[in-house]
Amino acid sequence: MSPILIHLGPLPIRAYGFMIVIGFLSAVWLAVRQGRRQGIDKNLIIDLCFTILVSALIGSKLLHLIVFWHDYVVDIPQLWRHPAQLLTYLGSGLIFFGGLLAAIPAAIYFLRKRSLKIWLMADILAPSIPLAHGFGRIGCFLAGCCYGKACHLPWGVTFSDPNSLAPVGIPLHPTQLYSSICNFSLVAVLLFLRPRYRKNGQLFWTYLLLYPIGRFIIEFFRDDERGFVLNGVLSTSQFISICIFLVALGAHLYLLLTDPTKQSHRQKKNS
């Protein structure tokens, strides 16, 4: 595993950024395919995806700034002396949930301005989110960030590159790959469920219901610094996972209780 894939002359192509690009392009491709079945113009979907990308990058960086504000304050003198390093700070240190929470209102604003159905578009994009995320986690694995605790199981991974963000020379849980497997599996589940759901919004809320479960579990195996709440009982991402799961569960129950097909079936049964 190497943080740098190749060098194009003096320019290093970093694995993390490369995989984010691959993930984004794959997510756009899938969203366009899903949208075509609903008669949605592909240019609208591409514009929406770029809106989501920009807002997600901003949101994920902002949450990282909030969680690790003390580290940034300490580094201010270094940045003042070497302002060029600011680009490195802006391009690293991203928290997925910050991107998700920022992308949702940005997407809603975009859809309202274009007079598009919000929940229909949410379902179209739902499988694309874990697809992009899965590739992004492969980038994390290559860079060594988001690394796991010491692991003595057969699949433990030992990082050896001195430029890796993970501790070198120690077998670790490949938590990045755990997350990739979780996300790619979620893509398959969502694509399987899509034709079986009747109401717009169900697929999107299914994503928000299932992803936090996997994320909550994987957090127990991680060993990188990622912020904690409730006196260290939960990581920041575990706390957010619980909140999102509860909201998604409530939304799912609401959609089930207001399912018109089930209501009409009950009415016929009572009559």
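**Exercise 1.** Leaving aside its neighbours within four places in sequence, with which residues is His252 in contact?

*Solution.* The model is predicted, so local features need pLDDT of at least 70, side-chain atom pairs count only at pLDDT 80 or more, and totals for chains, interfaces and linings use all residues. Residues are numbered from 1 along each chain as its sequence is written, and side-chain values use heavy atoms, with hydrogens and water left out.

Begin by placing His252, which belongs to helix α10, residues 236-257; a helix here is a DSSP run of H or I with at least four residues, a strand is a run of E with at least two, and both are numbered from the N terminus. Next, apply the contact criterion, heavy atoms within 4.5 Å. Once the neighbours within four places in sequence are set aside, the partners of His252 are Tyr197, Gln202, Trp205, Thr206 and Leu209. Finally, His252 has a relative accessible area of 10% and is therefore buried, where buried means under 20%, exposed over 50% and partly exposed in between, with a 1.4 Å probe and protein chains only.

**Exercise 2.** Decide for Ser115, and then for Cys146, whether the residue is buried or exposed.

*Solution.* Ser115 sits in the loop between α5 (96-113) and α6 (118-125), and its phi is near 55°, a positive value in a residue other than glycine. Because its relative accessible area is 66%, Ser115 is exposed. Cys146 is located in the loop between α7 (128-143) and β3 (157-158), and, although not a glycine, Cys146 has a positive phi of about 55°. Its relative accessibility is 14%, so Cys146 counts as buried.

**Exercise 3.** Which residues form a positive surface patch?

*Solution.* The patch is made up of Arg33, Arg36, Arg37 and Lys42. Patch residues need over 30% relative accessible area and no salt bridge, and like charges are joined within 9 Å. Lys42 is found in helix α2, residues 42-67, and is partly exposed, with a relative accessible area of 48%.

**Exercise 4.** How many helices and strands does the protein chain have, and what percentage of its residues count as buried?

*Solution.* The protein chain has 11 helices and six strands, and 42% of its 271 residues count as buried. Among the contacts with a separation of 6 or more, residues 24 or more positions apart account for 68%.

Note on methods: Patch = residues over 30% accessible without salt bridge, like charges linked within 9 Å, V, L, I, M, F, W, Y side chains within 5 Å. Areas by Shrake-Rupley, 256 points an atom, 1.4 Å probe, with all protein chains shown as cover. Salt bridge = Lys/Arg side-chain N within 4 Å of Asp/Glu carboxyl O. Lys, Arg positive; Asp, Glu negative; His and termini not counted. Charge placed at Lys NZ, Arg CZ, Asp CG, Glu CD.
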